[in-house]
Every structure is written in structure tokens, then in C-alpha cells.
Amino acid sequence: MSTISSLLHILLSFLFILSSSAPLMPSILPPNIFFTNNSSKLRIDPDSISQASSDYGNLIRTEPPYAILNPSSIDDIIKLIKFSNNCSNPFPISAWGRGHSVRGQATAPYGIVVNMTALSGIGIGIRVSWRIGIGYFADVGGGELWGDVLRVCVEKGLAPVSWTDYLDLSVGGTLSNGGISGQSFRYGPQISNVLGLDVITGTGDFVTCSPEKNSELFYAVLGGLGQFGIITRARIVLQRAPTRVKWVRLIYDDFSKFTRDQEHLISTDGPNYVEGSIITRKSRVNNWRSSFYSSSQLSEINSLIETAESGLLYSVDVVKYYDETSELYIDEEIKSMLGDLSYIPGLVFTKDVSFVEFLSRVRVEKGEESTKTHPWLNLFVPKSRILEVNAGVFIDIIGRRRNDTIFGPILFYPLYKKKWDYRASAVTPDEEIFYALGLLHSSDRCDSGTFDMMNDEIIDLFRKKGIEIKQYLPHYSSIDEWAMHFGHKWKVFQERKSKFDPNMILSVGQRIFNLGSVKET
């Protein structure tokens, strides 16, 4: 790059700082970063900086990053990380997929955000292969979106086995957390369906790893919240893709029957997907997760909610995959699966949709990402305490709330601990069955505080009752809370951080090892 162009970058940066309404950034980034080979790929315009200072949650705005890197190759990321480590004062670097965190986890205050989606469609892309002893698999770039993975694989009659409910997420992003949905009881989370990774560590080393090769890094990165490296490639397990699904929704008015039936369903070989949810008087029964009911069915369900003593109903989505080889028997299979269940008689609703349509059912409304806040709370709760969850959370805190606030989807479904590899960084409660609780609210900015207070009330209830919960997509404000979250894995987690990112430059927005360095504005 010419000296004139480099000087122009510096000048634009200086003018941005002068014109910004945010506080002046300290001189952490050395000026000579604009003389590197990456300089032409660094964005410093106000719109890019502003976008990278927040995320899907729209709840907080951190101190801004200095720039956004749009890499054209993996080598660009390696050079950036090594450049930071070679500075007298290394600067933060965070990988950004879709920015779908809700508490600023993907931000890099006074550092550089790496836009991983810039690599989409170039370099690794999405490559489907077959190998003796492995079967079918896909090598996928860390910045690719799961929706694109689905599209490419289905064209070849294949598909990954484990999904998230929403597909407009990056592969590297979900593998850094876990990746769960109603399939996870059978196939495990997405991190349990990875054969290998390419990772750039916090020291700038490019490492290929798997359960057999460089296994410490492999398991550290899976569910590791971006603390040990940036995922640039993942090898994902594939299977033959079904073509259609029978999608059944069951309605309950009894919590014990609702949970007992879910646990029965996941213990059988029948369903491919089981996911429960809570319906309240303040819920939209048809919501952004799916519009399932006709107007007459909606009226019937709303009447039941109004007459329910608790103000709650419960629903279970049960899905069975099929194709032309099994379509003659699918209705009989569904009838057999539902035969011993205790849902409200007559309140069973069925759809027959394509496999792709089912997996793509969750969509975010245009403009909603930027105009709404998303004060989400995701928890794992041990099975032994779920009655207290119903009484304390669903009935007392949520069901009896007296205001006009509309709740988002509230998910509650069982998972098996045995499906989670204990060697990965992700943590779950110490019971064989635990429940995923997802409070997925969406609100105007003026109402986000109401949901934050409710979330705090829920966390406080669990703490007072001594219920061992684990946050999924965790957010804590003290090192003691992080130590409690990771439990017996905490010591190893710290050791791996010292080994793979000794200068602690990666994913500071998670606020694990850099609590004091990330401030909200």
C-alpha cells in the first residue's frame, strides 16, 4: 500500500476521533498498524465502528473498537494477531460472526473486530466430502452461516444432525458456545458433532486440531467462548437428509404432565426433535419462532389461558423426519409416539412441511435487529428442581406479572448430559437430565429494564434456593461468578488461557479475564 494511502487512513482515523461523540480512545493501537498489509482492509468509518460497538441484544454499548478488519484470507487474521502480540501494549481482537450475542460478548473495546463473514464464499467456503471410516462430512469456514450450510448440503442430499433454532448464525459463533435446540437430546449440541477444527490461537499460531491431534486446543475451543482461538474451519458430521417432517404441537395445562411427556419422548427412538415452551397471558401464541395456529385455534387457546388458574399453558413441539421410503408409515409412527401422552384431548395440531422449511422456521423481522432490545436469559436447570422452576419462575415471577409487557418465547425442554463431551469447555448441571430454559424476550428500549429486573429476580431466586444453574451464553460481572460457572473446569480453563492466549487479547467482550477493561457507555 502506498505511503499516501496509509497517511490517508491515519488522517481519517484522526478526523473520526475528533468528530465522534464518544470519549476519546486511548492510544492503544500503534499508528504503524496502518502501514501493514492489512491496512486497506481496516474500516474506520463511523457506521462500521458504531455497529461493532453493540450487538443483537442492543442492551449495552461498549467503548468502540478502533477498527474493523474485513479479511480476504486467513493469513490476514494471523498477521493481525501476531502484530498485536508484538506491540508493547497488545490490543484486543474479537471475532465477529453475526453479532448475535446480547451482552456485548463479541465486541473489542479499543481494539479490532474481525468480520468473519467477510471470508464467506472465499477460501474454505462449504465443502462436502466422504471418507472411509468417517463417512460424509462438511469442511466449513468459521464465518459461514448455518443457513448456507443447510442449503449447500441439502443440494447433495445431506445435512448436519444438530442445529440451532435460528440459522442466521455463524458456524464459529455457535461452536464457541454450544449450539442447542430440540434435536440436542438425540444428537447432542453442535459442539458434539465436530470432527476437527482449524484455529488461530491468541499467539497467532495456525493449528489444525481434532480429538486425535492437538486435542487440548480442540476441546478448549469448543464451548470456549472465543478465549483460546478463532475458528477458521470446522469439520461437521453429516447424514442423509430427510425431505419432509411431521411437525406436531401438543397443548398441556399441567406442568408435571408437560415435563413427564417430554422426558418420555426423548427416551424413545421415535422423535427427531422435542422442544417445550410456556404460553402465558402476556405471550403472543403465534410468535417469531413459528405461526402455527389458525385464528379459530388461537381463540380456543387464548380462552383456555384466561380460565387457567396459573395463567399458563404449556406446549410441546414433536417432530419426526421422513422421506419417500417411509412416507407410507409416518402417520402410524406419529400415532404410536403420541399414544401414551397426556396432553389436553383434542389440542393436538399437525403440520407437514419440508425439512428445509422446518429448519428455517425462525426468522427475524426486517429492521427488528436494530430497533428492538433483546434482554434474553438462557439457563440450564437440573431436572430435580424443575417443580421449583414452575412455581417460582413460571407462576410467581412470570405468570402473575401485572403490567402490559408482552413476553417473547419461553422455552423449556430436556437434554441429556451424556450427549455433551465432558472434555469440551462448555459446562452443564451435574445431573443426567437437565432442562434448557430460554427467556427470549424482545422489547422497545424503554421496556428493557423491566425484563432485566425480571431476569435478576429469577437468578436471585435460584441463588436463594441453592439451585445449581449454569448460564448458557453466559454473562457475569465478577471473577468469582466465572469460577463458580466453570466449577471443576475453572483451573484448566485458566491454564489453557495462559497457554493459548497469554496476552489475553481475544474476546475481551466476554469479560472473563478482562473484567475491568470493558466498560459500557
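**Exercise 1.** How do the residues of the lining of the second largest cavity divide into nonpolar, polar and charged?

*Solution.* The model is predicted: local features need pLDDT of at least 70, side-chain atom pairs count only at pLDDT 80 or more, and totals for chains, interfaces and linings use all residues. Residues are numbered from 1 along each chain as its sequence is written, and side-chain values use heavy atoms, with hydrogens and water left out.

Step 1. A cavity is a set of points, on a 1 Å grid over the protein atoms alone, where a 1.4 Å probe fits but cannot get out; lining residues have an atom within 4 Å of a point. Searching the whole structure gives five cavities of 30 Å³ or more.

Step 2. The volume of the second largest cavity is about 110 Å³, a volume being the space filled by probe spheres set on the grid points, which are joined across faces, edges and corners. Its lining has 14 residues, with Asn-177, Ala-426, Val-427, Gln-471 and His-485 closest to the centre.

Step 3. The lining comprises nine nonpolar, five polar and no charged residues. Here Ala, Val, Leu, Ile, Met, Phe, Trp, Tyr, Cys and Pro count as nonpolar, Asp, Glu, Lys and Arg as charged, and the others, Gly among them, as polar.

**Exercise 2.** Describe the second largest pocket and state which element gives the largest share of its lining.

*Solution.* Step 1. A pocket is an open set of grid points with protein on both sides within 12 Å along at least five of seven lines. The second largest pocket has a volume of about 760 Å³.

Step 2. Among its 26 lining residues, Ile-459, Arg-463, Gln-471, Tyr-476 and Glu-481 lie nearest the centre. Two or more lining residues come from each of β15 (377-382), α14 (448-465), β18 (470-471) and α15 (479-486). Helices (H or I, at least four residues) and strands (E, at least two) are DSSP runs, numbered from the N terminus.

Step 3. The largest share, six residues, is given by α14. By class, the lining has 11 nonpolar, eight polar and seven charged residues.

**Exercise 3.** Determine how strand β11 is enclosed and paired.

*Solution.* Step 1. Eight of the nine residues of β11 (residues 244-252) are buried, so the strand is largely enclosed by the rest of the structure. Buried means under 20% relative accessible area, exposed over 50%, and partly exposed in between (1.4 Å probe, protein chains only).

Step 2. Two strands pair if DSSP finds at least two bridges between them. β11 runs antiparallel to β13, with nine bridges, and Arg-244 has Tyr-322 in β13 as its bridge partner.

Step 3. β11 also pairs with β14 (residues 348-354) in the antiparallel sense over seven bridges; there Leu-250 stands opposite Val-348.

**Exercise 4.** Is Lys-320 buried or exposed, and what surrounds this residue?

*Solution.* Step 1. Lys-320 is found in β13 (residues 312-322). Its relative accessibility is 11%, so Lys-320 counts as buried.

Step 2. Contact means heavy atoms within 4.5 Å. Beyond its neighbours within four places in sequence, Lys-320 is in contact with residues including Arg-244, Asp-269, Gly-270 and Glu-333.

Step 3. A polar atom of the Lys-320 side chain lies 2.7 Å from the backbone oxygen of Gly-270.

**Exercise 5.** Which residues of β9 lie on its covered face?

*Solution.* Step 1. In β9 (residues 206-209), Val-207 and Cys-209 form the covered face, whereas Phe-206 and Thr-208 form the uncovered one. In a regular strand the side chains alternate between the two faces of the sheet.

Step 2. Strand β8 (residues 194-201) runs antiparallel to β9, joined by four bridges; Asp-198 has Thr-208 as its bridge partner.

Key:
A polar contact is a pair of N or O atoms within 3.5 Å; within protein, one must be able to donate a hydrogen and the other to accept it, and residues adjacent in sequence count only if both atoms are side-chain atoms.
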